[in-house]
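Here is a structure to walk through, one chain at a time. Keep the sequence and the 3D view side by side as you read.

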Amino acid sequence: MSFVDIKNVRKSFANVEVLKGVTINVEKGEIVTIIGRSGSGKSTLLRCINGLESIDDGEIRINGEVVHDKATDLRRLREKVGIVFQQFNLFPHMTVEQNITLAPTLTKRVAKGEAARKLAHEVLSRVGLEQKIDAYPEQLSGGQQQRVAIARCLAMGPELMLFDEVTSALDPELVGEVLKVMEDLARQGMTMILVTHEMNFARNVASKIVFMHAGKVHEQGAPAALFANPATPELRNFISSTH
Amino acid sequence: MTLNFNQLWRYQDDFLHGIQMTLTLTLIATVAGMLIGLLGALLSNNRLPAVRLLIRSYVEVIRNTPALIQIFLIFFVLPYAGLRLPPFEAAAVALSIYMGAYSVEIFRSGLASIPRSQIEAGQCLGLTRFQVFRHVILLPALRNIYPSLTSQIILILLGSSLASQVSAEELFHTAAFVESRTYRSFEVYAVVCAIYFVMVLSLRLIFAGAERIAFRWPTRR
Amino acid sequence: MRGFTLSDFETMLWAVQWTATLVIIALALGGPLGLLMAMMRTSRNPVLNGIALVILQIVQGVPLLGMLMFFYFGVPVFLGIKVPALISVSIAFTVFAAAFLGEIWRGGIQAVHTNQSEAAACLGLTRWQSFRHVIAPQAFRIALPATVGFLVQLIKNTSLASVVGFVELARAGQLASAATFAPLTSYACVSAIYFAICFPLTQWSRSLEKKLHVVR
């Protein structure tokens with residue numbers, strides 16, 4: 001069984017079916033990039049993976065655990081599955097350190113005080129922002145905020161990280177610094193599923209590309225093959241429209 | 001007619017006692033009212049329609065009838081329910097209920113002012129519902145409602161003067177008492193209004209100071 | 001001693017006209033004064049602005065009951081004249097309405113963006129013309145929900161006139177309660193009448209508020 005096992009997932013909002021039977025497998029250490037036009041269900045799928053959205057049919061397993069099972073302790077599962085949002089969603093009333101250490105100290109994985117600060121320092125060094133440990137989110141640029149959001153995720157010690165269009169809200173000149181952090185993570189062997197419009201990133205870093213169209217997985221495969229020989233006209237159109 | 005404030009000095013202790021009772025009344029109504037308000041706000045999107053209707057009715061009835069009548073009702077009607085409260089306590093109950101109704105609306109708007117994405121971010125970090133409320137929602141929401149909440153507390157301080165109408169001992173009651181002894185109506189009411197004014201001004205200063213200490217994080221605006 | 005009868009309720013309904021009278025007087029006199037306050041508060045003249053601010057601070061820092069007592073008992077004794085209750089009470093409510101309406105309308109005027117008045121100036125309008133034709137209509141729409149909301153506060157607060165013996169709705173309730181020894185019924189009826197008047201206004205204010213936010 002795969003590390004992340006998404007099987008035939010269906011999901012509707014009101015009367016609109018957004019996911020129409022999606023099946024994707026993600027192995028440990030894989031970088032899976034989901035691409036597709038807006039409205040193709042990419043973000044919804046990501047939100048289903050960590051249980052933010054319910055599903056109507058099918059099954060999602062992470063490390064064998066069924067996400068949408070009533071018996072599953074969703075909170076414990078989420079400590080293993082980090083998610084980074086488009087809008088950063090840092091807590092405005094907390095410093096960078098407090099943002100990072102809130103969850104680890106509340107869930108009692110790390111003691112308050114020295115140990116917590118050390119943890120904050122360590123994850124901030126991984127995104128290159130140690131010197132901003134005492135800043136408030138509003139005092140940081142968008143790119144820096146997004147890197148803090150990634151650090152906040154890392155502090156939980158996740159086994160899987162989800163990235164939901166994390167560079168879409170950024171000014172163009174700030175996109176690079178965030179992508180670089182993600183590349184580093186990929187190189188260190190983190191399992192990642194990301195929704196993105198950054199085609200170069202998808203091409204160079206991903207181990208698998210999933211092209212979603214109209215609520216279904218339309219095509220998937222290794223990036224080189226997929227970009228070179230798109231099998232369907234929809235993917236061909238999509239690729240040419242992003243150039 | 002000449003002004004004569006000298007006679008009022010003899011009643012200094014009465015005035016001080018009145019001030020103390022007025023502040024006590026305000027404090028009780030504020031604390032109890034805010035607790036009611038918080039509870040009501042948390043329950044106002046309850047799953048049960050009956051609970052929502054109950055809270056809605058409470059808020060609308062209190063907000064659309066005069067506080068004076070509410071104080072009379074509590075004072076004269078509670079004995080029928082077997083609860084005979086002294087005037088001060090009855091007034092405290094009535095003002096708490098009054099403050100509660102306005103607080104429900106204030107706290108509700110505060111909770112609504114926190115974007116859903118903040119709550120989701122908390123959930124995704126593995127926090128419990130209570131932890132999300134306590135650490136993610138509470139402080140930013142309080143900051144958003146701080147102006148309306150503090151104005152409401154000042155309105156309660158001023159409104160506590162209505163308690164004098166059921167003979168509860170507070171500042172306004174003192175005023176009526178001193179007036180009946182001295183017949184110096186103009187001076188008495190001028191002085192009492194001035195005392196209220198100073199209390200309101202001091203309270204505003206305290207609120208402004210507390211705001212600066214409690215909400216230090218920078219915001220976009 | 002007698003029981004509470006339908007005629008007691010009719011007496012209350014009759015007293016509503018005096019509640020209405022107080023509200024109308026407060027609006028008729030306090031409205032123009034409130035407009036003056038709003039214009040002073042938004043004027044560039046620091047003296048006018050300061051005077052309006054002090055008046056506002058005093059009215060908002062003193063209990064309405066205190067103002068009523070001051071104008072009903074205090075001022076006549078000081079001047080050595082007799083003033084009918086209606087006059088004293090009307091003065092207090094007029095001052096009250098002027099201060100609060102002035103503050104609400106100031107908010108409305110300031111919410112109209114400054115580039116609106118700049119645009120008007122560029123069209124060659126005088127300051128008064130620009131206020132009359134450009135700023136005021138927009139400010140009115142913005143301030144209307146809060147104005148209706150204040151109307152509810154004003155109606156409820158006229159009940160304080162009962163304290164000086166002026167017979168309006170609340171006083172009628174007190175009289176009925178004393179005459180019938182039925183405070184529950186009396187005050188419940190009074191509350192119901194106030195509610196019947198205020199609740200629709202509150203709903204109206206709320207729907208105006210909603211409309212405003214949709215348009216903006």
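Which residues of chain A does UniProt list for "domain: ABC transporter"? The record, an unreviewed entry, gives residues 4–239. UniProt positions follow the numbering used here, feature names are shortened, and annotations may be inferred rather than shown by experiment.

This is a predicted model: local features need pLDDT of at least 70, side-chain atom pairs count only at pLDDT 80 or more, and totals for chains, interfaces and linings use all residues. Residues are numbered from 1 along each chain as its sequence is written, while chains are lettered from A and ligands numbered from 1 in the order in which they are written.

Start with chain A. Chain A has nine helices and 10 strands. Both kinds of element are DSSP runs numbered from the N terminus: helices are H or I with at least four residues, strands are E with at least two. Over residues 4–239, chain A is 37% helix and 25% strand.

How is chain A packed? Its C-alpha trace spans about 55 × 45 × 35 Å along the principal axes. A compact globule of 243 residues would have a radius of gyration near 18 Å, and chain A agrees, with 18 Å. That radius is taken over C-alpha atoms, and the globule rule is 2.2 Å times the number of residues to the power 0.38. Of the 243 residues, 44% count as buried. A residue is buried if 20 or more other C-beta atoms, placed from the backbone, lie within 10 Å of its own; it is exposed if 12 or fewer do, and partly exposed in between.

Now find a sheet in chain A. Four strands form an open, antiparallel sheet in the order S2-S1-S4-S5. Strands S2 (16–26) and S5 (65–66) of chain A stand at the edges, each with a single partner strand, so one side of each is left without a neighbour in the sheet. Strand S4 (residues 57–62) of chain A pairs with S5(A) in the antiparallel sense over two bridges. Pairing requires that DSSP finds at least two bridges between two strands. Ile62(A) has Glu65(A), in S5(A), as its bridge partner.

Next, look where chain A meets chain B. Here 21 residues of chain A are in contact with 18 residues of chain B. Contact means that the C-beta atoms of two residues, placed from the backbone, lie within 7 Å. Helices H2 (74–80) and H3 (96–106) of chain A each supply at least two residues of the touching side. H2(A) gives the most, with four residues.

Chain B has nine helices and zero strands. Its C-alpha atoms fill a box of roughly 70 × 45 × 25 Å, taken along the principal axes. Buried residues make up 42% of its 221 residues.

Follow helix H9 (residues 185–214) of chain B. Its buried residues include Phe186(B), Tyr189(B), Val192(B) and Tyr196(B). What covers the buried residues of H9(B) includes helix H2 (12–43) and helix H7 (129–159) of chain B, together with helix H3 (64–79) of chain C.

UniProt places "domain: ABC transmembrane type-1", from an unreviewed entry, at residues 16–205 of chain C. That stretch of chain C is 84% helix and 0% strand. Its end C-alpha atoms are 22 Å apart.
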